[in-house]
Amino acid sequence: MNIHEYQGKSILKSFGVSIQEGIVTSTPEGAVDAAKELQKQTGTSWWVVKAQIHAGGRGKGGGVKLAKSLDEVRNLAKQILGMTLVTHQTGTEGKLVRKILVAQDVYYPGEVENEEYYMSVLLDRAAGRNIIMYSPEGGVDIETVAEKSPERIFKEEIDPRTGILPFQTRRIAFNLGLEGKAFKEMTKFVSALYMAYEKTDSAMFEINPVLRTSDNRVLAVDSKVDLDENALFRHRDYAEMRDVNEEDPAETEASRFGLNFIKLDGNVGCMVNGAGLAMATMDIIKLSGGEPANFLDVGGAASAETVEAGFRIIMKDPGVKAILLNIFGGIVRCDRVAQGVVDAYKSIGDIKIPIIVRLQGTNAEEGKDLIDNSGLKVHSAITLQEAADLVKEVVL
């Protein structure tokens with residue numbers, strides 16, 4: 001589950017990670033009040049107004065602006081609130097800005113130049129361990145650094161038996177070229193950051209940039225936090241941070257029915273039971289000349305209700321020209337799924353696009369007979385090849 005920058009920073013701060021202070025608001029007047037409060041708390045006389053959406057590249061899209069007066073804070077808040085912010089991560093449709101973060105200016109002059117670093121904590125599945133990935137090249141897309149200067153990206157593997165050790169935090173600070181006060185600040189920062197990642201059961205923490213200020217403080221200026229949804233039962237307060245306005249409406253609806261749904265850009269909707277079968281189904285669609293329009297896993301307990309919900313969600317995509325339902329009857333019987341398809345079809349009414357149902361496993365033949373004798377415009381198949389041929393026939 002993704003959360004906003006201001007929410008991620010609040011989590012980081014609760015674990016002792018030093019952050020760029022800020023106050024979230026949804027009105028221009030609220031932005032001015034936030035700026036005044038920050039001036040009292042931090043002494044800042046300049047402020048940064050940041051759009052709060054679940055996407056990177058906000059600055060390049062015009063969603064991050066510097067204000068040098070309270071009037072500028074108000075005017076910038078008016079400009080950013082309500083805008084449709086388009087970045088390289090939002091796609092051409094962009095995202096509506098409903099909230100802004102008014103933050104203190106931390107790029108002030110001092111004894112040394114400000115420096116930006118990149119840092120993230122995530123699971124390295126190949127190594128089977130959490131890693132801290134970091135680079136002295138911060139404030140830019142890490143993908144660009146990986147492509148042009150891969151030697152500037154470092155990784156620190158964390159042994160799960162010991163957690164992060166002091167020599168590792170020191171090595172990170174050394175590789176970033178720090179010394180003195182900034183060196184000590186970075187070791188504390190890294191240790192607190194890793195603790196926050198572990199204790200919150202997160203899938204990823206990314207901070208870009210981590211800033212060494214001109215007076216050698218180390219701060220998280222941004223935060224991108226991906227919380228593991230499977231662990232939210234242990235973190236009810238974090239679950240409340242979910243912003244459904246930032247999610248695809250179809251994915252939000254699917255989650256209410258316990259369906260795993262991800263929208264893709266294609267012309268064949270697919271509904272399956274099991275992630276592995278879903279990947280195979282998408283391969284079959286591609287090999288047949290089509291393009292998968294979604295990933296939808298109904299799980300091991302497909303019923304008339306879940307099948308109907310899946311159909312309705314898929315059909316909201318105007319680009320879908322056909323739906324392929326691919327079920328392997330192990331935990332669930334194929335005849336029960338077939339009856340669910342018939343019931344769902346009748347409940348929805350006249351479905352304009354072709355539906356292909358491929359059943360294999362327990363009671364597959366009985367399920368096929370149910371569909372064939374239903375009188376509905378549903379194509380049935382037993383083998384993957386039959387399903388592929390039907391996809392090719394109805395789509396091309």
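The sulfur of Cys334 sits 17 Å from the closest cysteine sulfur, the one in Cys270, and that's too far for a bond. A disulfide here is a pair of cysteine sulfur atoms within 2.5 Å, and the structure holds zero of them. Cys270 is likewise in no disulfide.

Keep in mind that this is a predicted model, where local features need pLDDT of at least 70 and side-chain atom pairs count only at pLDDT 80 or more, while totals for chains, interfaces and linings use all residues. Residues are numbered from 1 along each chain as its sequence is written, and side-chain values use heavy atoms, leaving out hydrogens and water.

| Cysteine | Relative accessible area | State |
|---|---|---|
| Cys270 | 2% | buried |
| Cys334 | 0% | buried |

Now for the whole chain. Of its 396 residues, 48% count as buried. The protein chain has 13 helices and 18 strands; these are DSSP runs numbered from the N terminus, with helices being H or I of at least four residues and strands E of at least two. Along its principal axes, the C-alpha trace spans about 80 × 50 × 40 Å.

How do parts of the chain meet? A contact means heavy atoms within 4.5 Å. Among contacts between residues at least 6 apart in sequence, 66% join residues at least 24 apart.

Definitions and conventions:
Buried < 20%, exposed > 50% of the residue type's maximum accessible area, 1.4 Å probe, protein only.
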